Amino acid sequence: AAHPWIYRDDVEDRAGLAPGAVVVEGPDGAVHGVALYSPQSRIALRWFQRGRGPFDGFDLGARVRERVLEAAARRAPLER
């Protein structure tokens with residue numbers, strides 16, 4: 001659905017997977033996007049970017065900086 005998260009119960013167990021950005025695939029192997037993964041939260045995945053990719057070389061830091069700059073540019077006209 002359109003929820004911005006995926007619960008742990010809906011995720012295949014990936015023992016030892018480190019927290020951070022992960023490519024999300026469906027049961028058939030189709031890529032659905034990139035999410036931030038937390039091995040400790042009940043909400044295991046929080047969508048960061050949806051779509052088919054490609055996500056080779058996905059740089060989380062660069063993408064976060066890009067999104068912050070985009071948000072600041074959208075708000076700039078509102079400043080006095």
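## A pocket, a helix and a loop

Strand 2 (residues 20-25) supplies the largest share of the lining of the largest pocket, with 4 residues. This is a predicted model, in which local features need pLDDT of at least 70 and side-chain atom pairs count only at pLDDT 80 or more, while totals for chains, interfaces and linings use all residues. Residues are numbered from 1 along each chain as its sequence is written, and side-chain values use heavy atoms, with hydrogens and water left out. Strands (E, at least two residues) and helices (H or I, at least four) are DSSP runs numbered from the N terminus.

Let's stay with the pocket. The space in the largest pocket is about 440 Å³. Its lining is made up of 14 residues, and V11, E12, R14, V24 and E25 lie nearest its centre. Sorted by class, the lining has 9 nonpolar, 1 polar and 4 charged residues. Here Ala, Val, Leu, Ile, Met, Phe, Trp, Tyr, Cys and Pro count as nonpolar, Asp, Glu, Lys and Arg as charged, and the others, Gly among them, as polar. A pocket is an open set of points on a 1 Å grid over the protein atoms alone, where a 1.4 Å probe fits, with protein on both sides within 12 Å along at least five of seven lines; lining residues have an atom within 4 Å of a point. The volume is the space filled by probe spheres set on the points, which are joined across faces, edges and corners.

Now for helix 1. Its 16 residues reach 23 Å from the first C-alpha to the last, close to the 22 Å expected; that expectation is 1.5 Å times one less than the number of residues.

Which residue does R63 meet in a salt bridge? The partner is E66, at 2.6 Å from N to O. A salt bridge is a side-chain nitrogen of Lys or Arg within 4 Å of a carboxyl oxygen of Asp or Glu. Because R63 and E66 are 3 residues apart in helix 1, about one helical turn separates them.

The table compares accessibility (buried is under 20% relative accessible area, exposed over 50%, partly exposed in between, with a 1.4 Å probe and protein chains only).

| Residue | Relative accessible area | Class |
|---|---|---|
| R74 | 58% | exposed |
| E66 | 39% | partly exposed |
| G16 | 80% | exposed |

R74 belongs to helix 1 (residues 60-75), whereas G16 sits in the loop between strand 1 (5-7) and strand 2. G16 and P39 are 23 residues apart in sequence, with 8.7 Å between their C-alpha atoms.
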